[in-house]
Amino acid sequence: MIEIQRFSPPGTSVTITNSVSTTAKIPFENGAGGALHVAATNAVTQVTWYGSPDEQTTPQKIYSGGNAVTTAITDGVHPFPDATFGVRFLHPVASNASLTSVVTVKG
């Protein structure tokens, strides 16, 4: 009998900026879901999701149904959008300013 083992490492503090070149890079290759835990938005109202297949490739916007995948940001917990599933590295980019968030990933 083969048993599926899930993993859920501890949350990690990340800085999300308004530039894809400086924002957090979230390893998601083994993830089946995840969340941004936002304590204070610092004027950030939205995150646009970018992805890359490895650490060297320039991240590109993630699209679903022809639209860029975004998440409206308020104080609270925001699950990763379904369209991010299967992306190896996630790069959330803030609409303006920057914020510190705790990220949790579950596989």
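How many aromatic pairs does the structure hold? The structure holds two aromatic pairs, where rings of Phe, Tyr and Trp (its six-membered ring) pair if their centres lie within 6.5 Å. This is a predicted model, in which local features need pLDDT of at least 70 and side-chain atom pairs count only at pLDDT 80 or more, while totals for chains, interfaces and linings use all residues. Residues are numbered from 1 along each chain as its sequence is written, and side-chain values use heavy atoms, with hydrogens and water left out.

**Overall make-up**

- The chain has 11 strands and zero helices; both are DSSP runs numbered from the N terminus, with at least four residues (H or I) for a helix and at least two (E) for a strand.
- Along the principal axes, the C-alpha atoms of the chain fill a box of roughly 50 × 30 × 25 Å.
- Buried residues make up 38% of the 107 residues; buried means under 20% relative accessible area, exposed over 50%, and partly exposed in between (1.4 Å probe, protein chains only).
- Of the contacts between residues at least 6 apart in sequence, 80% join residues at least 24 apart, a contact being heavy atoms within 4.5 Å.

**Aromatic pairs**

- F28 and F80 form an edge-to-face pair, 5.3 Å centre to centre with 70° between the planes; planes under 30 degrees apart count as stacked, over 60 as edge-to-face and the rest as tilted.
- This pair links distant parts of the chain, 52 residues apart: F28 is in the loop between β2 (26–27) and β3 (33–38), and F80 is in the loop between β9 (76–79) and β10 (89–94).
- F28 is buried at 3% relative accessibility, and F80 is buried at 7%.
- Ring pairs join F28, W49 and F80 into a cluster.

**Nonpolar core**

- The largest nonpolar core has 20 residues, of which L36, W49, F80, L90 and V103 touch the most other members; such a core is a set of buried Ala, Val, Leu, Ile, Met, Phe, Trp, Tyr and Cys residues joined through side-chain atoms within 4.5 Å.
- Two or more residues of this core come from each of β1 (12–16), β3, β4 (46–52), β10 and β11.
- β11 gives the most, with three residues.
- Leaving aside residues up to four places away in sequence, V103 touches G11, T12, V14, I26, A35, L36 and F80.

**Sheet**

- Four strands form an open sheet in the order β1-β11-β3-β9, with antiparallel pairing; two strands pair if DSSP finds at least two bridges between them.
- β1 and β9 stand at the edges with a single partner strand each, so one side of each has no neighbour in the sheet.
- β3 and β9 pair in the antiparallel sense over four bridges, and H78 in β9 is the bridge partner of L36.

**Loop residues**

- A97 lies in the loop between β10 and β11 (99–106), is partly exposed at 39% relative accessibility, and has a positive phi near 55° although it is not glycine.
- A43 lies in the loop between β3 and β4 and is partly exposed at 49% relative accessibility.
- The C-alpha atoms of A43 and I73 are separated by 9.3 Å, with the two residues 30 apart along the chain.
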